[in-house]
Amino acid sequence: MLHGVSEYNYDIPLVFKILLTGNPTACRSSIWETPEKIAITGDYLRGRENFIRYLDRISDPAARPLIDEALQFLNSPAHSRKHFILECGEIFDLTEGSLAAKNSALLAEIQEIGEDIDSLPIPQSASTQRGILSKLFRRNAPDPLSPYYEIGLGLWSDILYFDFSENEG
């Protein structure tokens, strides 16, 4: 049975791509009724292992709560499955072009990411990126966690727009 773990509007964040790096392959969608392969599946354990390697490189103490939340969520037996499945149809459909071609391009990107997790860029807290004057006057102080939200941390939830549970009735 499929089980949702996260959603993100209008994009496919880096975190999702890393989680799919465990032998990613194109597959048919569980949501869209189309013969094209517009979703991607990857080995859960390998993807989670690669994701943990990536998280281990983040040294910013401000990110620690988001890292701990991700680890707790993904290490929970309730969320463990054989595969991650990334449903991309809604994101692909936002722009013109073949959904299958966009999925193939995303698959190639995920495969490339998986080849060298250790070279992926690590976000920096927004508070460390501010200039000295804005720090002194505390004007327009950005959320220090925004770079981590942008890569997809802090989004773990069992409650998604699409419900994969069996129809009861």
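## Ile18 and its neighbours

Leaving aside residues up to four places away in sequence, Ile18 touches Gly47, Asn50, Phe51, Tyr54, Ile113, Ile117 and Leu120, where contact means heavy atoms within 4.5 Å. This is a predicted model, in which local features need pLDDT of at least 70 and side-chain atom pairs count only at pLDDT 80 or more, while totals for chains, interfaces and linings use all residues. Residues are numbered from 1 along each chain as its sequence is written, and side-chain values use heavy atoms, with hydrogens and water left out.

## The nonpolar core

The largest nonpolar core has 35 residues, and Ile18, Phe51, Tyr54, Leu106 and Leu153 touch the most other members. Such a core is a set of buried Ala, Val, Leu, Ile, Met, Phe, Trp, Tyr and Cys residues joined through side-chain atoms within 4.5 Å. At least two residues of this core come from each of α1 (14-19), α2 (44-56), α3 (64-75), β3 (83-87) and α5 (99-115). Helices (H or I, at least four residues) and strands (E, at least two) are DSSP runs, numbered from the N terminus.

Buried here means under 20% relative accessible area, exposed over 50%, and partly exposed in between (1.4 Å probe, protein chains only). In soluble globular proteins, nonpolar side chains tend to be buried together.

## An aromatic pair

A search of the whole structure turns up one aromatic pair. The ring centres of Tyr44 and Phe84 are 4.4 Å apart and their planes lie at 25°, so the pair is stacked. For Phe, Tyr and Trp (its six-membered ring), rings pair if their centres lie within 6.5 Å; planes under 30 degrees apart count as stacked, over 60 as edge-to-face and the rest as tilted.

Tyr44 sits in helix α2 and Phe84 in strand β3, 40 residues apart, so the pair links distant parts of the chain. Both Tyr44 and Phe84 are buried.

## Salt bridges

There are three salt bridges in the structure, each a side-chain nitrogen of Lys or Arg within 4 Å of a carboxyl oxygen of Asp or Glu. In one of them, Glu109 and Lys17 meet at 2.8 Å, N to O. Glu109 belongs to helix α5 and Lys17 to helix α1, so this pair ties together parts that are 92 residues apart in sequence. Glu109 is partly exposed at 35%, whereas Lys17 is buried at 13%.

Asp118 bridges to Arg53, with the closest N and O atoms 3.1 Å apart. Asp118 lies in the loop between α5 and α6 (126-129) and Arg53 in helix α2, 65 residues apart. Asp68 and Arg64 also form a salt bridge (2.9 Å, N to O); both lie in helix α3, four residues apart, about one turn of the helix.
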